[in-house]
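This briefing covers charged contacts, aromatic contacts, pockets and backbone features. Please read it alongside the structure shown below.

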Amino acid sequence: MQFLDFEKPIEDLYDQLEKLKENGAKSGVDVTATVREYEQKIADTRLEVYEHLTSYQKVLLSRHPDRPYTLAYIEKMCSNFVELHGDRNVKDDKAMVGGFAELDGETIMFIGQQKGINTKMRQIRNFGMANPEGYRKALRLMKLAEKFNKPIVTLIDTPGAYPGLEAEERGQGEAIARNIFEMVKLRVPVICIIIGEGASGGALGIGIGDRILMLENSWYTVISPENCSTILWRSWNFKEKAAEELKLTSDHMSRFGLVDGVIKEPLGGAHVNPDEMASILKQTIKNTLAELKKIDADTRIEQRIDKFSNMGFFDER
């Protein structure tokens with residue numbers, strides 16, 4: 001188990017618990033009662049730590065190396081997943097994955113960014129930063145789902161669309177803008193869920209739907225706190241202040257009306273109990289789809305347009 005800096009009190013208790021178990025095994029002494037005491041201490045300490053998380057600590061949680069990514073959720077929630085590849089133009093972008101899968105017998109098109117689970121895979125997946133062909137692949141799969149009248153679920157987890165020169169040469173901005181334009185008009189139910197990082201146009205490229213949801217310890221904004229700090233203060237040292245000012249956490253997004261709901265995570269984050277998190281996510285998707293299916297396609301599209309047209313507010317003085 002990997003721990004973040006602010007989880008040091010929990011890590012210390014875990015270390016003591018492991019030593020206690022080792023000593024008990026070596027000496028043959030029954031330490032069951034003491035183990036239970038330490039487990040309770042860990043639970044109490046975790047509750048105390050996670051009750052007062054700052055915005056930047058939630059950002060760190062969203063990037064936790066053990067946090068489940070798109071394919072992990074699909075594997076835990078669904079059966080018969082058939083991944084589809086390529087944009088039929090350039091190549092297959094490994095940072096964007098998608099395909100049909102069965103969720104309790106219902107066929108759904110799942111699309112999402114995929115980060116790597118180790119160093120080699122992170123390079124292959126480009127750290128979850130999609131190129132234009134990734135967004136064009138996503139749009140191709142959405143149109144395929146619409147053709148066969150299957151609902152779409154997107155799982156968003158990206159530090160942003162890839163900003164490299166070659167991506168701009170192949171039309172990164174146009175690809176994202178095209179996706180936004182086309183997603184507004186899709187006639188099937190569309191649910192967008194931010195499961196980790198939701199940064200900038202990289203998130204918006206698969207983030208226009210009937211319902212926008214966020215996991216509790218995810219974030220959603222135009223720029224990362226580190227890059228914001230670099231622009232405003234010419235240094236990364238103000239990233240915590242930038243995170244607070246950006247109002248990027250799920251509770252802020254919900255309060256501003258930019259997302260429709262926040263999905264509770266197990267105490268400690270999604271990575272602490274991925275199976276429980278997948279179960280919660282699965283039930284949320286089923287409930288939301290049942291709600292959306294009661295609305296006819298034209299009304300859904302109208303509501304979708306109104307939702308995004310009414311976002312934002314200003315104070316004229």
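A salt bridge joins Asp 157 and Lys 115, with their closest N and O atoms 3.2 Å apart. This pair connects distant parts of the chain, since Asp 157 belongs to strand S4 (residues 152-158) while Lys 115 sits in the loop between S3 and helix H5 (119-124), 42 residues apart. Asp 157 and Lys 115 are both buried. The model discussed here is predicted.

**Salt bridges**

- Side chains of opposite charge can pair when their charged atoms come close.
- The count of salt bridges in the model comes to 25.
- One of the salt bridges is formed by Glu 106 and Lys 293, whose closest N and O atoms are 2.3 Å apart.
- Because Glu 106 lies in strand S3 (residues 106-113) and Lys 293 in helix H13 (residues 274-293), this pair ties together parts that are 187 residues apart in sequence.
- Glu 106 has a relative accessibility of 24% and therefore counts as partly exposed.
- Lys 293 also counts as partly exposed, at 45% relative accessibility.
- Arg 255 and Asp 251 form a salt bridge in which the closest N and O atoms are 3.9 Å apart.
- Arg 255 and Asp 251 are four residues apart in helix H12, so about one helical turn separates them.
- With a relative accessibility of 59%, Arg 255 counts as exposed, whereas Asp 251, at 34%, counts as partly exposed.
- A network of salt bridges links Arg 136, Lys 143, Glu 146, Glu 174, Arg 178 and Glu 182.

**Aromatic rings and a charge over a ring**

- A pair of aromatic rings is described by the distance of the centres and the angle of the planes.
- There are three aromatic pairs in the model.
- In one of them, the ring centres of Phe 3 and Tyr 14 are 5.4 Å apart and the planes stand at 50 degrees, so the pair is classed as tilted.
- Phe 3 lies in the segment before helix H1 (8-27) and Tyr 14 lies in helix H1, so the contact ties together parts that are eleven residues apart in sequence.
- Phe 3 is partly exposed at 21% relative accessibility, and Tyr 14 is partly exposed with a relative accessible area of 21%.
- The rings of Trp 233 and Phe 238 have centres 5.1 Å apart and planes at 25 degrees, so this pair is stacked.
- Trp 233 counts as partly exposed at 30% relative accessibility, and Phe 238 is partly exposed with a relative accessible area of 36%.
- Lys 41 is placed over the face of Tyr 38, at 5.0 Å from the ring centre.

**Pockets**

- Rolling a probe the size of a water molecule over the atoms shows where empty space is left.
- The largest pocket holds about 280 Å³ of space.
- Strand S5 (190-199) and helix H10 (225-233) are the elements that give two or more residues to the lining of the largest pocket.
- In total, 16 residues line the largest pocket, and those nearest its centre are Pro 159, Gly 160, Ala 199, Ser 224 and Asn 227.
- By class, nine nonpolar, four polar and three charged residues make up the lining of the largest pocket.
- The second largest pocket holds about 230 Å³ of space.
- Helix H2 (32-50) and helix H12 (250-256) are the elements that contribute two or more residues to the lining of the second largest pocket.
- The second largest pocket is lined by 15 residues, with Tyr 50, Glu 216, Asn 217, Lys 264 and Leu 267 nearest its centre.
- The lining of the second largest pocket comprises six nonpolar, three polar and six charged residues.

**Backbone features**

- Arg 234 has a positive phi of about 60 degrees, although it is not a glycine.
- Arg 234 is located in the loop between H10 and helix H11 (239-246), and its relative accessible area of 69% makes Arg 234 exposed.
- Lys 247, likewise not a glycine, has a positive phi of about 50 degrees.
- The loop between H11 and H12 contains Lys 247, and at 32% relative accessibility Lys 247 counts as partly exposed.

Terms used: Residues numbered from 1 in each chain as written. Predicted model: local features only at pLDDT ≥ 70, side-chain atom pairs only at ≥ 80, totals over all residues. Heavy atoms only, no water. 1 Å grid on protein atoms, 1.4 Å probe; cavity = no way out; pocket = protein on both sides within 12 Å on 5 of 7 lines; lining within 4 Å. Points joined across faces, edges and corners; volume = space filled by probe spheres on them. Nonpolar A, V, L, I, M, F, W, Y, C, P; charged D, E, K, R; others polar. Salt bridge = Lys/Arg side-chain N within 4 Å of Asp/Glu carboxyl O. Buried < 20%, exposed > 50% of the residue type's maximum accessible area, 1.4 Å probe, protein only. Phe/Tyr/Trp six-rings, centres within 6.5 Å; stacked < 30°, edge-to-face > 60°. Lys NZ or Arg CZ within 6 Å of the ring centre and 35° of its normal.
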